[in-house]
Amino acid sequence: AFRSSYEDQVQRASSLIWRSRPPLYCGPIDLCRTLAEGGNRGYVASQDVPPGTLVLVEEPLVAGWSNAQMGKELGFESVRYLLENQNAREILHCMEELHPRREAVESIFNLETTEIEPIDKVQIVDMMSDMTEDCQIDSLLEYSTRKGITNSDNTNLTARDVKRLLLALRYNGFDSGLYLNFAMFNHSEDPSCTKFRPMEDGAESRRYSEARTVRHVRKGEALTISYLENPREVSHATRRKILWDQHRFDIGDEGQYRKFLDSSFNNNDRGNCIFEAELVADGVFPLSSRDGPIKNHDGDGPLTTNIEKSLDDLEDMLMELKSTPKGNGNSSYFDRTAALELTLWELATVSQSRLENKHHILLSRCRRLHLDAIELFLTECSSTLKDKQLADILLRAMPNIKLLLESQTKRLGSDHPDVARTNQDLANAIQVL
């Protein structure tokens, strides 16, 4: 087991990039600076690590985003949000070491076009060249000069600096804000860690995020996360588009994805289950491109896209209900929650029939939302429920719990926290019965 003293934490923090802003806790991890991906940087395990091990705890450098940017692709409004922060100078100085690093960007733009590495052209030069909102950039430069916000070498910000800041936000930002040390985690289609977001829930409120291992990790093995925070369970085509749009790397088509899984799992059962979780009717792996799913010959979008749109809408409804004033005597709230639970159950049933794959990754998301709706229903409307209504809900829940548990165990492994949560759902349902 990993044990760490105060002196050990000080030593570990000193080996990281931002020594003046150490994480709250640093576990058995080393920062490797010679990787082929992630701007050549990323975490590896410093020893054999069992599942559930805490590897990093950190508060965000910048918490959240401006209201104008919520739910949208980050734009220059987010750079203004940084500049208007009371700690803007410190934030900008720290961001010089985030990918793409300020020093690297300046070096790349001083090269001849033929000398630029292909990955740098795609991830840096092309991305910054597409940022053409000159009026917004001029406004940000005027504001930074007026407020005395400079680079770490005390030079005034340039248009290139503003574009680099926006690119750094897009590449390194999470839903809950911008982190320094969390930004050093690389993405994987089979991540060895999971990131828990800050919570705002009364007595259990916390401002920090933490990362824990989800399986056994050997010494020297990469410690990775999924860059998709919410939701994580989306189709391959959707993941491919999001990762290309936001991070400019391509997880590839069916052949490339199969090759990655074969190299990662040596053709073992879990690798096959991850691949098979993408298959639809007749064992087809849906076509995709960097731009997303490819329409069929009739011009219609694939079935997975339609299911994802329905899930997005229903998840929004669930979040709205969670934030709505409640009360066991509120008949409107009862009716809306009951309707949502039934709709999610029907969506799971119909989607399984049409996908012809009971372990499809989208069904895991659908069943999880169904169980979340039931949890909300039982928590907020329990005194209004009649025995027959409760029995019907449990009859709908039990098959979904068992299928979800089976799918998650196959795809994620038995030590993953998602599996633990579903096991808890099963125990709770049995107790109610």
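Residues are numbered from 1 along each chain as its sequence is written, and side-chain values use heavy atoms, with hydrogens and water left out.

Confidence comes before detail. The protein has an average pLDDT (the predictor's confidence in each residue, from 0 to 100) of 90, and 95% of the residues score at least 70. The lowest confidence is found in strand E13 (residues 292-293), with a mean of 75, and the highest in helix H3 (residues 88-95), at 97. Where pLDDT is low, the predicted coordinates should not be read in detail.

Helices (H or I, at least four residues) and strands (E, at least two) are DSSP runs, numbered from the N terminus; two strands pair if DSSP finds at least two bridges between them. Strands of a sheet pair through backbone hydrogen bonds, either parallel or antiparallel. Four strands in the order E1-E4-E10-E9 form an open sheet with antiparallel pairing. Strand E1 (25-26) and strand E9 (193-196) are at the edges with a single partner strand each, so one side of each lacks a neighbour in the sheet.

Strand E3 (residues 42-45) and strand E11 (residues 222-225) are antiparallel and share two bridges: Tyr 43 is partnered by Leu 223, and Val 44 by Ala 222. E8 and E11, by contrast, run parallel and are joined by two bridges; His 187 is opposite Ile 225 of E11.

The loop between strand E7 (177-178) and E8 holds Asn 181. Asn 181 has 1% relative accessibility and therefore counts as buried (under 20% relative accessible area, with exposed over 50% and partly exposed in between, for a 1.4 Å probe and protein chains only). Not counting residues up to four places away in sequence, its contacts (heavy atoms within 4.5 Å) include Trp 18, Arg 21, Leu 56 and Glu 58. Tyr 43, the residue paired with Leu 223, also touches Asn 181.

Among the helices, H13 (residues 361-381) contains Asp 372, which counts as buried because its relative accessibility is 10%. Leaving aside neighbours within four places in sequence, Asp 372 is in contact with Leu 318 and Arg 421. In helix H10 (residues 269-276), the buried residues are Arg 270, Gly 271, Cys 273, Ile 274 and Phe 275; they pack against helix H9 (254-265) and helix H14 (387-412).

On a 1 Å grid over the protein atoms alone, a cavity is a set of points where a 1.4 Å probe fits but cannot get out, and lining residues have an atom within 4 Å of a point. One cavity of 30 Å³ or more is counted. The largest cavity has a volume of about 60 Å³, and its lining includes Ser 235, His 236, Glu 278, Phe 285 and His 360.

Technical notes:
This is a predicted model: local features need pLDDT of at least 70, side-chain atom pairs count only at pLDDT 80 or more; totals for chains, interfaces and linings use all residues. On a 1 Å grid over the protein atoms alone, a cavity is a set of points where a 1.4 Å probe fits but cannot get out, and a pocket is an open set with protein on both sides within 12 Å along at least five of seven lines; lining residues have an atom within 4 Å of a point. Grid points are joined across faces, edges and corners, and a volume is the space filled by probe spheres set on the points.
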